[in-house]
Amino acid sequence: MSDAPALPRPDQPLRGIRVIEIGHSVAAPFCGQVLADLGAEVIKIENPEGGDDARHWGPPFVGGTAATFHSLNRNKRTMAVDLKDEEKRAALEALIGDSDVLVQNMRPGLMERYGLGADALCAKFPRLICCNLGAYGDVGPLRRHTGYDPLMQAFSGIMSVTGEAGRPPVRVGPSIIDQGTGMWCVIGILSALMGRAASGRGCRVDTSLFETGLSWMTVPIGNAVASGKEPGKSGSETPMLAPYRAFMAEDRHIVIAAGNNNLFRRLVETLGHPEWADDPRFALNADRVANRETLNAMIEAVVQTRPSTHWTQALDAVGVPCAPVNRVSEVLAHPQTEALGMILPAGDPHLGLVATPLRFDGIRPSLRSLAPAREKIDSGA
């Protein structure tokens, strides 16, 4: 029998890495969950009095714990630590020193107050990677402010370009700021791990909700600076392309994305109006953008005469990108979702756990354990 160590599983490339997550709500827990899915040992530190706030964000609840918490905390262990308790805090510091990564999104200044700030920890444990996830960043006039996803969608300008003109501000439904910031933390941590492999030293990684919001605004900001104009709201449309939006069919909306001249010609031929491709108002994309209201009305007048399946099948046949606006239940039931294995089998019909959207040699990171139960917080397990 060979004594050679077992080869690491391809879907767990971070096996052997220990991460301490002092996180709550969405952003840091989402980062921790991605790292855990990738094989890292993630120990979630929670307040013994109630734990992570997200445990109570319901209904709906599954087994007494909010579905939101279940969706963000699989494949982790948990530990109850009262940061005000000096003895418990010292034990936590020792655990951090024996780990590879610390990720935290506590309110500004709290970690420093307890002697667990990134600079102090990195000085004491040179191989440690400390990832700080803040609201507005650790410099500037707002560095001490707290923040949440809807606040940052507002402050970063995302709400100014989301929704329809003349209508009240609209929040993008998913927590794109929180989860996006968690993803930036993962990117920073993986980069720092690569740097440590070369240099032997860890480092401090910083990001914030506001920086993530600005990053999502890359194209609108670029267009605003170039044009000198506020981008404004454009509903389902992409401002610099036409036709590129949702159109109402006989039964439901479908999105049609004819983003170049060739696709536009195929689209109008399928709609039964090939002459539109030769109309000087619609000859080039810039012309179509300038005359988008007229063009959109002409297209929708035709699209609404037939069911959505008629148009999606017809447009698919000629290679024009299109998609129905699905409800969540339809997405879950779609065979493409099933084929990808993106919904993890949790053993409970009330748990809908979305997998990490990565595969390694065809293997998707698996569900090793559900989110830690509330009882483990109460017992300090």
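Visitor: What share of the contacts in the protein with a separation of 6 or more comes from residues 24 or more positions apart?
Guide: That share is 68%. Contact here means heavy atoms within 4.5 Å. Before we go on, this is a predicted model, where local features need pLDDT of at least 70 and side-chain atom pairs count only at pLDDT 80 or more, while totals for chains, interfaces and linings use all residues. Residues are numbered from 1 along each chain as its sequence is written, and side-chain values use heavy atoms, with hydrogens and water left out.

Visitor: How many helices and strands are there, and what makes a run of residues count as one?
Guide: The protein has 16 helices and 13 strands. Each is a DSSP run, with at least four residues of H or I for a helix and at least two of E for a strand, numbered from the N terminus.

Visitor: Why are β1 and β6 called paired?
Guide: Two strands pair if DSSP finds at least two bridges between them. Strand β1 (residues 18-22) and strand β6 (residues 101-104) have 4 bridges, in the parallel sense, so they count as paired. Glu-21 stands opposite Val-103 in β6. On the β7 side, the bridge partner of Val-103 is Cys-131, and 4 bridges join β6 to β7 in parallel.

Visitor: What is the strand order of the parallel open sheet, and which strands are its edges?
Guide: The order is β5-β2-β1-β6-β7-β8. The edges are β5 (76-80) and β8 (204-208), each pairing on one side only. From one strand to the next, the twist averages 20°; axes are lines fitted to C-alpha atoms, for helices over the stretch in contact, and angles run from 0 to 180 degrees between N-to-C directions. Helix α3 (residues 86-97) packs on this sheet, touching β1, β2, β5 and β6, at about 140° to the direction of β1.

Visitor: What makes β7 "mostly covered"?
Guide: Buried means under 20% relative accessible area, exposed over 50%, and partly exposed in between, using a 1.4 Å probe and protein chains only. In β7, 5 of its 6 residues are buried. Also, 5 bridges join β7 to β8 in parallel, and Asn-132 stands opposite Asp-206 in β8.

Visitor: Why is Leu-142 called partly exposed?
Guide: Its relative accessible area is 24%, which falls between the 20% and 50% limits, so Leu-142 is partly exposed. Leu-142 lies in the loop between β7 and α6. Leaving aside neighbours within four places in sequence, Leu-142 is in contact with Tyr-136 and Phe-155.

Visitor: How do you know that the buried residues of α8 share a side?
Guide: Leu-209, Phe-210, Thr-212 and Gly-213 are buried in α8. They cover an arc of only 160° around the axis, which puts them on the same side of α8; the arc is that of the directions from the helix axis to the C-beta atoms. Their cover includes α1, β7, α6, α7 and β8.

Visitor: Why do β9 and β11 count as edges in the antiparallel open sheet?
Guide: The order there is β9-β10-β11. Because β9 (244-248) and β11 (322-324) each have a single partner strand, one side of each is left without a neighbour in the sheet. Inside this sheet, 5 antiparallel bridges join β9 to β10, and Phe-247 has Ile-254 as its bridge partner in β10. Helix α12 (residues 292-303) packs on the sheet, touching β9 and β10.
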